[in-house]
Amino acid sequence: MRSSLSAFASLAILVAFSTPAASVAAWGQCGGINYTGDTTCVAGNACVYVNDYYSQCQPGATPTTSSPPSSTTPAGACPGATKFKYFGVNQSGAEFGNAKIPGVLGTDYTWPSPSSIDYFVAQGFNTFRIPFQQERISPPAAGLTGAFDSTYLNGLKTIVNYVTNTKGAYAIIEPHNFMRYNGAVITSTSNFQTWWKNLANEFKSNTRVVFDIMNEPHDMDASVVFNLNQAAVNGIRSSGATSQLITVEGTSWTGAWTWTTSGNSNVFGAIKDPNNNVAIQMHQYLDSDGSGTSGTCVSSTIGAERLAAATAWLKANNLKGFLGEIGTGSNDACIAAVKGALCAMQQSGVWIGVAWWAAGPWWGTYFQSIEPPNGAAISQILPQALKPFL
């Protein structure tokens with residue numbers, strides 16, 4: 001996401017959420033239109049109607065059923081759909097406080113909460129995109145080719161191992177730097193290749209890790225961004241990480257709606273991976289300028305419309321796409337727009353995954369927050385726009 005994240009670093013951490021082995025945990029969903037999961041709450045909790053699309057297990061509450069607790073997705077809601085291999089959320093926090101390097105853990109930045117991972121796995125999600133700050137893992141004093149900061153690297157490894165080894169899901173790791181490092185645009189393909197070779201070496205034995213080369217490059221020529229991405233792919237494979245998916249991002253904030261007009265479509269069709277396991281990652285927001293800073297959508301059909309040209313390009317180039325960020329407000333027009341986007345993607349056969357922006361323990365009242373138990377996108381976006389496509 002292009003908006004600055006440093007302002008959120010001082011927000012209070014949300015109430016922790018935990019998921020036990022059986023039934024639905026406190027604050028978990030237990031009913032609503034399109035909901036197909038468990039409707040039984042753990043002991044001491046009751047399923048309480050919140051709205052037609054969302055009922056929630058609440059501690060010490062009295063059960064209410066103003067709406068039917070569950071129903072199935074209407075037949076034919078998205079005919080001819082192919083389910084995504086990767087369906088998840090961004091788990092934001094470690095990239096916060098980017099004006100403070102290295103920053104202080106718990107004050108300037110934080111790692112995702114395991115309880116949030118638990119929640120989404122229980123809902124049926126299997127993928128978590130984990131942004132981090134490149135200057136924290138590679139201190140500027142040593143540069144891109146120097147030694148990693150062991151504490152920050154271990155923080156990344158800890159949450160990655162929880163996602164992949166404990167929960168059996170996929171972890172997408174990505175430097176959230178917009179192709180900038182230490183205040184300057186990255187231009188050296190050699191240094192960038194070395195950096196990615198070194199980082200991939202730390203995760204090469206974990207087949208459930210996905211390498212996302214760089215979040216949202218911008219104000220750079222598409223060919224420069226392509227060359228850096230290709231160098232990174234080469235570095236990753238040379239490390240011995242041969243089985244993991246790699247996603248590459250283009251210039252112009254890797255926007256799907258600008259993919260064919262920004263120069264990306266002229267060069268990224270030539271991306272090469274000796275293991276043939278690479279996908280094009282794009283992002284798409286649905287407000288007027290595509291920035292994701294407004295909860296108002298252009299129209300109820302804008303989601304599918306903004307993806308159409310990129311989808312056609314993927315098909316023409318025999319490439320796979322991954323929508324690494326999508327987000328919007330919780331209102332009828334935007335819910336319809338997200339559903340239209342996801343349906344068009346699943347019908348196309350070329351999009352392998354999607355991730356909502358964003359979960360994370362410091363988002364507070366942010367309108368796109370899907371952090372449990374009470375992020376703004378939990379009550380409507382989750383049950384109405386996302387879960388029908390799981």
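Let me begin with helix α4, residues 189–203, whose 15 residues reach 21 Å from the first C-alpha to the last, close to the 21 Å expected at 1.5 Å a residue, that is, 1.5 Å times one less than the number of residues; helices here are DSSP runs of H or I with at least four residues, and strands are E runs of at least two, numbered from the N terminus. This is a predicted model, in which local features need pLDDT of at least 70 and side-chain atom pairs count only at pLDDT 80 or more, while totals for chains, interfaces and linings use all residues. Residues are numbered from 1 along each chain as its sequence is written, and side-chain values use heavy atoms, with hydrogens and water left out.

Which kind of aromatic pair do Trp196 and Phe211 form? The pair is edge-to-face, at 5.8 Å centre to centre and 75° between the planes, where pairing requires ring centres within 6.5 Å, with the six-membered ring used for Trp, and planes under 30 degrees apart count as stacked, over 60 as edge-to-face and the rest as tilted. Because Trp196 lies in helix α4 and Phe211 in strand β9, the pair ties together parts that are 15 residues apart in sequence. Both residues, Trp196 and Phe211, are buried.

Technical notes:
Buried means under 20% relative accessible area, exposed over 50%, partly exposed in between (1.4 Å probe, protein chains only).
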